[in-house]
Amino acid sequence: MSDHKVVLYIAMSLDGYIARLDGSVDWLFDVEGDGEDNGYGEFYSTIGSVVMGRLTYEEVLKLSEDFPYADRPTYVLSRSKQAPAPHVQFTDEAVENLIPRLKQDSSGDIWIVGGGQLVQAVLEQQLLDEVEIAIIPKILGDGIPLFPTGTVPTHFKMIQTHTLGQIVSIRYQVQGKKS
């Protein structure tokens with residue numbers, strides 16, 4: 001069995017949202033961080049595979065001309081048939097099959113990019129090892145929650161904190177996981 005971890009690494013508003021209702025994350029771009037990449041490069045260097053939901057994928061495409069994860073195997077979960085796209089593999093494989101397979105085959109940790117439905121599914125299947133949340137000091141008032149209503153109750157143990165300018169990043173280990 002590999003020792004690769006399944007990690008949720010995500011930014012969240014102070015009131016618990018990961019995006020506006022329309023999926024936009026424009027509110028992330030004017031926050032005073034560490035003046036560099038807020039630890040992203042170091043984190044990304046540990047990643048072997050990237051997993052995200054289709055709606056998150058569509059938002060990622062809007063943010064940059066170049067697909068930011070082109071150098072990593074990227075899986076996009078979609079229940080509907082998608083036209084092939086460069087740099088990603090669309091799949092309707094259940095997370096309880098996909099994630100353990102990636103843990104075996106990946107050259108590094110598996111990054112759960114989002115969104116909320118995928119987070120809910122990996123928590124429900126007890127597949128998540130760690131969560132790193134960058135808390136952005138803004139209240140959005142409404143949006144897409146990190147943990148949608150109905151997310152399975154889960155306990156975490158804090159293992160690390162970082163202050164990055166006005167951002168606080170907290171890393172947690174998921175407790176009570178199936179091994």
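This is a predicted model: local features need pLDDT of at least 70, side-chain atom pairs count only at pLDDT 80 or more; totals for chains, interfaces and linings use all residues.
A residue is called buried here when its relative accessible area is under 20% and exposed when that area is over 50%.

**View 1. Helix α2 has a buried face.** In α2, which spans residues 54-63, the buried residues are T56, Y57, E59 and V60. Looking down the axis of α2, these buried residues fall within an arc of 165°, so they line one face of the helix. What do the buried residues of α2 pack against? Their partners are the strands β3 (47-53), β4 (74-77), β5 (89-91) and β6 (109-114).

**View 2. T56 is a buried residue of α2.** Let us stay with helix α2 and zoom in on T56. Its relative accessibility is 18%, and because the limit for buried is under 20%, T56 counts as buried. Which residues does T56 contact, leaving aside its neighbours within four places in sequence? They are V113, G114 and G115.

View 3. Is β7 largely enclosed or largely open? Of the 7 residues in this strand (residues 130-136), 6 are buried, so β7 is largely enclosed by the rest of the structure. β7 pairs with β1 in the parallel sense, over 7 bridges, and V7 stands opposite E130 of β7. With β10 (residues 167-175) the pairing of β7 is antiparallel, over 6 bridges. There, E132 stands opposite R171 of β10.

**View 4. H4 is buried in the segment before β1.** Our last stop is H4, found in the segment before β1 (6-13). H4 has a relative accessible area of 18%, so it is buried. Where does the side chain of H4 meet backbone oxygens? One of its polar atoms lies 3.0 Å from the backbone oxygen of S106, and the backbone oxygen of G108 lies 3.5 Å from a polar atom of the H4 side chain. Not counting residues up to four places away in sequence, H4 touches K103, S106, S107, G108, D109, I110 and D129.

How values were computed: Residues are numbered from 1 along each chain as its sequence is written. Side-chain values use heavy atoms; hydrogens and water are left out. Helices (H or I, at least four residues) and strands (E, at least two) are DSSP runs, numbered from the N terminus. Buried means under 20% relative accessible area, exposed over 50%, partly exposed in between (1.4 Å probe, protein chains only). A polar contact is a pair of N or O atoms within 3.5 Å; within protein, one must be able to donate a hydrogen and the other to accept it, and residues adjacent in sequence count only if both atoms are side-chain atoms. Contact means heavy atoms within 4.5 Å. Two strands pair if DSSP finds at least two bridges between them. The arc is that of the directions from the helix axis to the C-beta atoms.
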